[in-house]
Amino acid sequence: DKQVLCLDDAAPAVIDLDTAARGDREIDVANFCAHLRFRALQHGREPLYAELEDAFLGAYPATLDRHRLDWYRRATLVRLACNYALRPRWRHVAPRALALVLGA
């Protein structure tokens, strides 16, 4: 979620700083959307998530495969849930993130 650039009226850009690799655009977009959802769960702002995701996807300048996007989003939520299950402060969010994977 720290890899999105928004400049004035320009479309948002996702920068893959983790691996500096070229791959499916859906991977980075889904990663950002999953982080938005997870942050919403952490801070009790779930209703805001859908609005933010819709705005981001609407402004994204390229066509996205919705099936790939959904798959990558779910995979990222599983990874985040596993990671945060080990953090006492956020442990309670992990089951809710996994519930999104199963029911989203």
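Student: What are the ground rules here?
Tutor: The model is predicted: local features need pLDDT of at least 70, side-chain atom pairs count only at pLDDT 80 or more, and totals for chains, interfaces and linings use all residues. Residues are numbered from 1 along each chain as its sequence is written, and side-chain values use heavy atoms, with hydrogens and water left out.

Student: How many helices and strands does the protein have?
Tutor: 4 helices and 2 strands. These are DSSP runs, numbered from the N terminus: helices are H or I with at least four residues, strands E with at least two. The order is β-β-α-α-α-α.

Student: At what angle do H1 and H3 pack?
Tutor: About 45 degrees, with the axes 8 Å apart. H1 covers residues 25-42 and H3 covers 66-84. Axes are lines fitted to C-alpha atoms, for helices over the stretch in contact; angles run from 0 to 180 degrees between N-to-C directions.

Student: Where does Arg91 sit?
Tutor: In the loop between H3 and helix H4 (93-103).

Student: Is Arg91 buried, exposed or partly exposed, and what is its relative accessible area?
Tutor: Partly exposed, at 44%. Buried means under 20% relative accessible area, exposed over 50%, partly exposed in between (1.4 Å probe, protein chains only).

Student: Which residues does Arg91 touch?
Tutor: Tyr84, Ala85 and Leu86, leaving out residues up to four places away in sequence. Contact means heavy atoms within 4.5 Å.

Student: How far apart are Arg91 and Gln42?
Tutor: 49 residues in sequence, and 9.9 Å in space, C-alpha to C-alpha.
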